[in-house]
Amino acid sequence: LEKLSKEKKIEILIKIHPSESKCLSSLKNLFPNLIFTNKPVEKLFKKCFVTISFSSSVIEDSLNSQVPVILFDQWKRYMHCDTQNKEGSAVYYVNNQKDLSKILDNILKLNKFNFEEFVYATDSKQNINNKIFTLIN
């Protein structure tokens, strides 16, 4: 991410995991091109155009905030959902820096994403009735 930020001249904001918040100053020194924060994710989604993660509840939070997600899985261990990296998708899956860079370029050009495939428009109770109970019957 440090290299990517420098090459693309984009700000990359890193939300530090709460268990690592004590490392904030060390991380800033190690990676001067990245911006590290402990701010709540709800506030961060208002400032970002995409979320990059590999395994976190932040993925769902991002999608529900109408911010697209790149699942960056360099270890090829976390395929959370079926995505074919179609243009306009709200979720992309990549496992190397070259593809990450290419997807970022595509996302920067787009202004409309298909969140309906990944986010339920109805409330939780209705989702349970529509989805889970149909599986039980």
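## Strands and how they pair

Two strands pair if DSSP finds at least two bridges between them. Helices (H or I, at least four residues) and strands (E, at least two) are themselves DSSP runs, numbered from the N terminus. With that in hand, look at Thr51, which stands opposite Val69 in S4. S3 and S4 run parallel and are joined by 3 bridges.

The next pairing involves S4 and S5, again parallel, with 4 bridges. Here Leu71 has Tyr93 of S5 as its bridge partner.

## About the model

This is a predicted model, in which local features need pLDDT of at least 70 and side-chain atom pairs count only at pLDDT 80 or more, while totals for chains, interfaces and linings use all residues. Residues are numbered from 1 along each chain as its sequence is written, and side-chain values use heavy atoms, with hydrogens and water left out.

## The overall picture

The protein chain has 6 helices and 5 strands. Followed along the sequence, their pattern is α-β-α-β-α-β-α-β-β-α-α. The C-alpha trace spans about 55 × 35 × 30 Å along its principal axes.

Of the 137 residues, 31% count as buried. Buried means under 20% relative accessible area, exposed means over 50%, and partly exposed lies in between (1.4 Å probe, protein chains only).

## Two faces of a strand

In a regular strand the side chains alternate between the two faces of the sheet. In S4, Val69 and Leu71 point one way, Ile70 and Phe72 the other, and all are buried. S5 gives a further example: Val91 and Tyr93 point one way and Tyr92 and Val94 the other way, and all are buried.

## Aromatic pairs

Rings of Phe, Tyr and Trp (its six-membered ring) pair if their centres lie within 6.5 Å; planes under 30 degrees apart count as stacked, over 60 as edge-to-face and the rest as tilted. This rule gives 3 aromatic pairs. One of them joins Phe54 and Trp75, whose ring centres are 5.3 Å apart with planes at 75 degrees, so the pair is edge-to-face. The two residues are 21 residues apart and link distant parts of the chain: Phe54 is in the loop between strand S3 (51–53) and helix H4 (58–64), and Trp75 in the loop between strand S4 (69–72) and strand S5 (91–94). Phe54 is partly exposed at 33% relative accessible area, and Trp75 is partly exposed at 44%.

Phe113 and Phe115 form an edge-to-face pair too, because their centres are 6.3 Å apart and their planes at 65 degrees. Phe113 and Phe115 are both buried.

## The largest pocket

On a 1 Å grid over the protein atoms alone, a cavity is a set of points where a 1.4 Å probe fits but cannot get out, and a pocket is an open set with protein on both sides within 12 Å along at least five of seven lines; lining residues have an atom within 4 Å of a point. The largest pocket has a volume of about 1,200 Å³, where volume is the space filled by probe spheres set on the points, and grid points are joined across faces, edges and corners.

Of its 35 lining residues, Leu1, Leu13, Ile14, Lys15 and Ile52 are the closest to the centre. Strand S1 (12–15), strand S2 (34–37), helix H3 (41–45) and S3 each supply at least two lining residues, and S1 gives the largest share, 4 residues.
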